[in-house]
Amino acid sequence: MERLPDFTDRNAHEIDYRIYGEEMQYVEIELDPQEAVIAESGSFMMMDDGIKMDTIFGDGSQKDKGFLGKILGAGKRILTGESLFMTAFYNDLTGKRNVSFASPYPGKIIPIDLTEYRGKFICQKDAFLCAAKGVSVGIEFSKKLGRGLFGGEGFIMQKLEGDGMAFVHAGGTMAEKTLQPGETLRVDTGCIVGFTQDVDYDIEFVGGIKNSIFGGEGLFFAKLTGPGKVYIQSLPFSRLADRVIASAPKAGGKSRGEGSILGGLGDLLDGDNRF
(Lines give C-alpha, C1' and ligand atoms only; values in the text may rest on other atoms or scores of the structure.)
Protein backbone atom coordinates (compact mmCIF):
# COMPACT_ATOMS: atom_id res chain seq x y z
CA MET A 1 0.00 0.00 0.00
CA GLU A 2 1.15 3.55 -0.80
CA ARG A 3 0.75 5.96 2.11
CA LEU A 4 0.29 9.71 2.10
CA PRO A 5 2.80 11.89 3.94
CA ASP A 6 1.80 12.99 7.44
CA PHE A 7 0.31 16.50 7.15
CA THR A 8 -1.08 18.43 10.09
CA ASP A 9 -4.56 20.01 10.06
CA ARG A 10 -5.70 17.70 7.28
CA ASN A 11 -9.38 17.96 6.35
CA ALA A 12 -9.62 14.95 4.04
CA HIS A 13 -9.33 11.42 5.37
CA GLU A 14 -5.98 9.70 4.88
CA ILE A 15 -6.42 6.57 2.80
CA ASP A 16 -4.16 3.81 1.51
CA TYR A 17 -4.69 2.36 -1.93
CA ARG A 18 -3.53 -0.20 -4.47
CA ILE A 19 -4.29 -0.26 -8.21
CA TYR A 20 -4.77 -3.64 -9.91
CA GLY A 21 -4.88 -4.64 -13.57
CA GLU A 22 -3.55 -3.33 -16.84
CA GLU A 23 -6.21 -2.38 -19.42
CA MET A 24 -9.29 -2.73 -17.17
CA GLN A 25 -8.07 -1.47 -13.82
CA TYR A 26 -9.66 -1.13 -10.41
CA VAL A 27 -8.45 0.65 -7.29
CA GLU A 28 -8.68 -0.94 -3.84
CA ILE A 29 -8.99 1.59 -1.00
CA GLU A 30 -7.94 0.50 2.49
CA LEU A 31 -9.90 2.29 5.19
CA ASP A 32 -8.88 2.54 8.82
CA PRO A 33 -11.69 2.73 11.42
CA GLN A 34 -13.95 5.78 10.78
CA GLU A 35 -12.24 6.61 7.49
CA ALA A 36 -14.39 7.11 4.40
CA VAL A 37 -14.17 7.47 0.64
CA ILE A 38 -16.63 9.09 -1.80
CA ALA A 39 -17.35 7.81 -5.30
CA GLU A 40 -19.46 8.41 -8.37
CA SER A 41 -22.60 6.33 -8.74
CA GLY A 42 -21.88 3.18 -10.72
CA SER A 43 -18.15 2.95 -10.00
CA PHE A 44 -18.47 0.61 -6.98
CA MET A 45 -17.01 -2.89 -7.46
CA MET A 46 -16.80 -4.71 -4.09
CA MET A 47 -16.30 -4.13 -0.36
CA ASP A 48 -15.48 -6.01 2.83
CA ASP A 49 -18.00 -6.73 5.56
CA GLY A 50 -18.23 -3.78 7.92
CA ILE A 51 -18.22 -1.05 5.26
CA LYS A 52 -21.30 1.17 5.51
CA MET A 53 -22.63 2.74 2.30
CA ASP A 54 -24.46 6.08 2.45
CA THR A 55 -25.91 8.19 -0.37
CA ILE A 56 -25.20 11.90 0.13
CA PHE A 57 -25.87 15.25 -1.53
CA GLY A 58 -22.78 16.91 -2.95
CA ASP A 59 -19.40 15.50 -1.96
CA GLY A 60 -19.51 15.55 1.84
CA SER A 61 -16.64 18.05 2.08
CA GLN A 62 -16.32 21.02 4.41
CA LYS A 63 -17.82 23.22 1.68
CA ASP A 64 -21.08 21.28 1.94
CA LYS A 65 -21.82 22.28 5.54
CA GLY A 66 -25.40 23.27 6.18
CA PHE A 67 -28.54 22.70 4.11
CA LEU A 68 -27.81 25.50 1.61
CA GLY A 69 -24.24 24.30 1.12
CA LYS A 70 -25.43 20.79 0.35
CA ILE A 71 -28.01 22.06 -2.16
CA LEU A 72 -25.41 24.23 -3.92
CA GLY A 73 -22.92 21.36 -3.99
CA ALA A 74 -25.47 19.02 -5.51
CA GLY A 75 -26.58 21.67 -8.01
CA LYS A 76 -23.02 22.10 -9.27
CA ARG A 77 -22.91 18.41 -10.09
CA ILE A 78 -25.86 18.80 -12.46
CA LEU A 79 -23.84 21.33 -14.47
CA THR A 80 -21.05 18.79 -14.97
CA GLY A 81 -23.54 16.17 -16.17
CA GLU A 82 -23.31 14.07 -13.01
CA SER A 83 -25.98 12.81 -10.63
CA LEU A 84 -27.29 14.88 -7.72
CA PHE A 85 -25.94 12.24 -5.37
CA MET A 86 -22.62 10.72 -4.48
CA THR A 87 -21.98 7.58 -2.44
CA ALA A 88 -19.84 7.54 0.71
CA PHE A 89 -18.31 4.33 2.06
CA TYR A 90 -17.41 4.29 5.78
CA ASN A 91 -15.46 1.80 7.85
CA ASP A 92 -17.67 1.42 10.92
CA LEU A 93 -15.74 -1.42 12.54
CA THR A 94 -12.37 -1.81 14.24
CA GLY A 95 -9.55 -2.95 11.99
CA LYS A 96 -8.87 -2.18 8.37
CA ARG A 97 -11.49 -2.77 5.67
CA ASN A 98 -11.24 -2.57 1.86
CA VAL A 99 -13.56 -1.14 -0.78
CA SER A 100 -12.85 -1.23 -4.53
CA PHE A 101 -13.89 0.89 -7.51
CA ALA A 102 -13.57 -0.12 -11.17
CA SER A 103 -12.73 1.71 -14.39
CA PRO A 104 -15.81 2.43 -16.54
CA TYR A 105 -14.00 1.43 -19.78
CA PRO A 106 -10.49 0.33 -20.87
CA GLY A 107 -7.81 2.69 -19.65
CA LYS A 108 -5.77 3.73 -16.62
CA ILE A 109 -6.63 4.94 -13.14
CA ILE A 110 -4.52 7.94 -12.12
CA PRO A 111 -3.90 8.64 -8.40
CA ILE A 112 -3.85 12.38 -7.68
CA ASP A 113 -2.33 13.53 -4.39
CA LEU A 114 -3.79 17.03 -4.09
CA THR A 115 -1.14 18.05 -1.56
CA GLU A 116 1.41 17.84 -4.39
CA TYR A 117 -0.61 20.29 -6.53
CA ARG A 118 -1.31 22.97 -3.92
CA GLY A 119 -4.76 21.60 -3.26
CA LYS A 120 -6.34 21.81 -6.71
CA PHE A 121 -6.53 19.72 -9.88
CA ILE A 122 -8.72 20.37 -12.94
CA CYS A 123 -10.09 17.49 -15.01
CA GLN A 124 -12.67 16.71 -17.66
CA LYS A 125 -16.26 16.25 -16.52
CA ASP A 126 -16.40 12.44 -16.58
CA ALA A 127 -12.84 11.69 -15.38
CA PHE A 128 -13.48 11.60 -11.61
CA LEU A 129 -13.74 8.09 -10.10
CA CYS A 130 -13.42 8.38 -6.30
CA ALA A 131 -11.64 10.33 -3.56
CA ALA A 132 -10.98 10.48 0.16
CA LYS A 133 -13.89 11.99 2.07
CA GLY A 134 -13.21 15.68 2.52
CA VAL A 135 -12.06 16.27 -1.05
CA SER A 136 -14.32 18.81 -2.75
CA VAL A 137 -15.63 17.93 -6.23
CA GLY A 138 -16.67 21.23 -7.80
CA ILE A 139 -16.85 22.97 -11.15
CA GLU A 140 -14.32 25.09 -13.02
CA PHE A 141 -15.82 27.66 -15.39
CA SER A 142 -13.92 28.65 -18.50
CA LYS A 143 -13.30 32.39 -18.71
CA LYS A 144 -12.44 32.23 -22.40
CA LEU A 145 -15.26 32.27 -24.96
CA GLY A 146 -13.33 30.35 -27.62
CA ARG A 147 -12.32 27.61 -25.22
CA GLY A 148 -15.90 27.18 -24.03
CA LEU A 149 -17.35 27.00 -27.55
CA PHE A 150 -14.69 24.96 -29.31
CA GLY A 151 -12.53 23.35 -26.63
CA GLY A 152 -14.32 20.02 -26.55
CA GLU A 153 -14.93 20.24 -22.79
CA GLY A 154 -17.39 23.14 -22.99
CA PHE A 155 -17.44 26.00 -20.50
CA ILE A 156 -17.40 23.69 -17.47
CA MET A 157 -14.78 21.25 -16.22
CA GLN A 158 -14.47 19.56 -12.83
CA LYS A 159 -12.10 20.74 -10.13
CA LEU A 160 -10.88 18.61 -7.26
CA GLU A 161 -9.84 20.58 -4.19
CA GLY A 162 -8.51 19.62 -0.79
CA ASP A 163 -5.60 17.82 0.86
CA GLY A 164 -6.40 14.17 0.18
CA MET A 165 -6.15 11.54 -2.52
CA ALA A 166 -8.40 11.54 -5.58
CA PHE A 167 -8.55 9.09 -8.47
CA VAL A 168 -9.39 9.93 -12.08
CA HIS A 169 -9.73 7.68 -15.11
CA ALA A 170 -8.09 8.03 -18.54
CA GLY A 171 -9.12 6.04 -21.61
CA GLY A 172 -6.57 3.86 -23.40
CA THR A 173 -2.95 4.67 -22.53
CA MET A 174 -2.16 7.67 -20.35
CA ALA A 175 0.64 10.16 -21.10
CA GLU A 176 1.97 12.36 -18.29
CA LYS A 177 3.73 15.56 -19.39
CA THR A 178 5.49 18.13 -17.22
CA LEU A 179 5.56 21.51 -18.96
CA GLN A 180 8.18 24.14 -18.20
CA PRO A 181 7.21 27.85 -17.99
CA GLY A 182 6.14 28.97 -21.47
CA GLU A 183 6.38 25.46 -22.94
CA THR A 184 3.35 24.60 -25.10
CA LEU A 185 1.70 21.28 -25.91
CA ARG A 186 -0.99 20.97 -28.60
CA VAL A 187 -3.51 18.22 -27.97
CA ASP A 188 -6.69 16.86 -29.53
CA THR A 189 -9.46 18.56 -27.55
CA GLY A 190 -11.02 15.26 -26.48
CA CYS A 191 -7.76 13.74 -25.23
CA ILE A 192 -7.31 15.98 -22.19
CA VAL A 193 -7.76 14.17 -18.87
CA GLY A 194 -6.67 16.94 -16.53
CA PHE A 195 -3.99 19.43 -15.54
CA THR A 196 -2.66 21.40 -12.60
CA GLN A 197 -4.00 24.84 -11.79
CA ASP A 198 -1.07 26.86 -13.24
CA VAL A 199 -1.42 25.38 -16.73
CA ASP A 200 -3.03 27.80 -19.19
CA TYR A 201 -5.67 26.04 -21.30
CA ASP A 202 -6.76 27.65 -24.57
CA ILE A 203 -7.77 26.56 -28.07
CA GLU A 204 -5.98 27.19 -31.36
CA PHE A 205 -7.32 27.05 -34.92
CA VAL A 206 -5.74 24.25 -36.95
CA GLY A 207 -5.20 26.56 -39.91
CA GLY A 208 -5.08 25.86 -43.63
CA ILE A 209 -8.06 25.07 -45.85
CA LYS A 210 -6.94 21.49 -46.57
CA ASN A 211 -6.26 20.77 -42.91
CA SER A 212 -9.61 22.22 -41.85
CA ILE A 213 -11.75 20.50 -44.48
CA PHE A 214 -9.94 17.24 -45.17
CA GLY A 215 -7.69 16.71 -42.15
CA GLY A 216 -10.31 14.80 -40.15
CA GLU A 217 -8.95 16.12 -36.84
CA GLY A 218 -11.43 18.92 -36.22
CA LEU A 219 -10.94 22.66 -36.56
CA PHE A 220 -9.20 23.32 -33.25
CA PHE A 221 -6.38 22.05 -31.08
CA ALA A 222 -6.25 22.40 -27.31
CA LYS A 223 -3.19 24.48 -26.43
CA LEU A 224 -1.72 23.81 -22.97
CA THR A 225 1.01 26.15 -21.76
CA GLY A 226 3.19 25.54 -18.72
CA PRO A 227 4.29 25.55 -16.03
CA GLY A 228 2.55 22.48 -14.69
CA LYS A 229 1.65 18.87 -15.26
CA VAL A 230 -0.91 17.56 -17.77
CA TYR A 231 -2.42 14.12 -18.30
CA ILE A 232 -3.41 13.03 -21.82
CA GLN A 233 -5.47 9.97 -22.82
CA SER A 234 -5.02 8.04 -26.06
CA LEU A 235 -8.64 6.84 -26.26
CA PRO A 236 -11.37 9.29 -25.16
CA PHE A 237 -14.66 7.57 -24.44
CA SER A 238 -16.40 9.64 -27.14
CA ARG A 239 -13.99 8.27 -29.75
CA LEU A 240 -14.49 4.71 -28.51
CA ALA A 241 -18.28 5.12 -28.58
CA ASP A 242 -18.19 6.53 -32.13
CA ARG A 243 -16.23 3.50 -33.36
CA VAL A 244 -18.61 1.08 -31.65
CA ILE A 245 -21.67 2.84 -33.09
CA ALA A 246 -20.12 2.94 -36.57
CA SER A 247 -19.44 -0.81 -36.44
CA ALA A 248 -22.78 -1.80 -34.90
CA PRO A 249 -25.35 -3.60 -37.09
CA LYS A 250 -27.83 -1.21 -38.61
CA ALA A 251 -31.54 -2.01 -38.84
CA GLY A 252 -31.90 -4.79 -41.36
CA GLY A 253 -28.12 -4.90 -41.84
CA LYS A 254 -25.24 -6.88 -40.41
CA SER A 255 -22.13 -6.35 -38.36
CA ARG A 256 -19.30 -4.61 -40.10
CA GLY A 257 -16.22 -6.76 -40.77
CA GLU A 258 -17.81 -10.16 -40.07
CA GLY A 259 -18.81 -12.98 -42.41
CA SER A 260 -16.55 -11.83 -45.24
CA ILE A 261 -17.91 -12.47 -48.77
CA LEU A 262 -19.72 -15.60 -47.59
CA GLY A 263 -22.51 -13.59 -45.99
CA GLY A 264 -24.75 -15.61 -43.68
CA LEU A 265 -22.76 -18.78 -44.36
CA GLY A 266 -19.65 -16.99 -43.12
CA ASP A 267 -21.43 -16.13 -39.88
CA LEU A 268 -22.16 -19.81 -39.34
CA LEU A 269 -18.56 -20.77 -40.01
CA ASP A 270 -16.90 -18.15 -37.80
CA GLY A 271 -18.56 -19.63 -34.70
CA ASP A 272 -20.13 -16.44 -33.38
CA ASN A 273 -23.88 -17.08 -33.60
CA ARG A 274 -25.09 -15.37 -30.43
CA PHE A 275 -27.27 -12.81 -32.24
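**Notebook: a nonpolar patch and the salt bridges**

I began with Met46, which is partly exposed with a relative accessible area of 38%, and I noted that Met46 lies in strand β4. The model I am reading is predicted.

Looking around this residue, I found a nonpolar surface patch of about 440 Å², made by Phe44, Met45, Met46, Met47 and Met53. Strand β4, residues 44–47, gives the most to this patch, with 4 residues.

Next I looked up the salt bridges, and the count comes to 7. In one of them Arg118 pairs with Asp198, and the closest N and O atoms are 2.3 Å apart. Arg118 sits in the loop between β8 and β9 and Asp198 in the loop between β16 and β17, so the pair ties together parts that are 80 residues apart in sequence. I recorded Arg118 as exposed, at 56% relative accessible area, and Asp198 as partly exposed, at 44%.

I then turned to Glu140 and Lys120, a salt bridge whose closest N and O atoms are 3.3 Å apart. This pair links strand β11, which holds Glu140, to strand β9, which holds Lys120, across 20 residues. Glu140 counts as buried at 17% relative accessibility, and Lys120 is buried at 16%.

My next entry is Lys229 with Glu176, where the closest N and O atoms are 2.9 Å apart; Lys229 is in strand β19 and Glu176 in strand β14, 53 residues apart. I also noted that Glu30, Asp32 and Lys96 are linked in a network of salt bridges.

Last, I checked for disulfides and the count was 0. Cys123 is buried, with a relative accessible area of 0%, and Cys191 also counts as buried, at 8%.

Technical notes:
Residues are numbered from 1 along each chain as its sequence is written. This is a predicted model: local features need pLDDT of at least 70, side-chain atom pairs count only at pLDDT 80 or more; totals for chains, interfaces and linings use all residues. Side-chain values use heavy atoms; hydrogens and water are left out. A disulfide is a pair of cysteine sulfur atoms within 2.5 Å. Buried means under 20% relative accessible area, exposed over 50%, partly exposed in between (1.4 Å probe, protein chains only). Patches are made of residues with over 30% relative accessible area and no salt bridge: like charges are joined within 9 Å, nonpolar side chains (Val, Leu, Ile, Met, Phe, Trp, Tyr) within 5 Å. Accessible areas come from the Shrake-Rupley method with a 1.4 Å probe; for residues, only the protein chains shown count as cover. A salt bridge is a side-chain nitrogen of Lys or Arg within 4 Å of a carboxyl oxygen of Asp or Glu. Helices (H or I, at least four residues) and strands (E, at least two) are DSSP runs, numbered from the N terminus.
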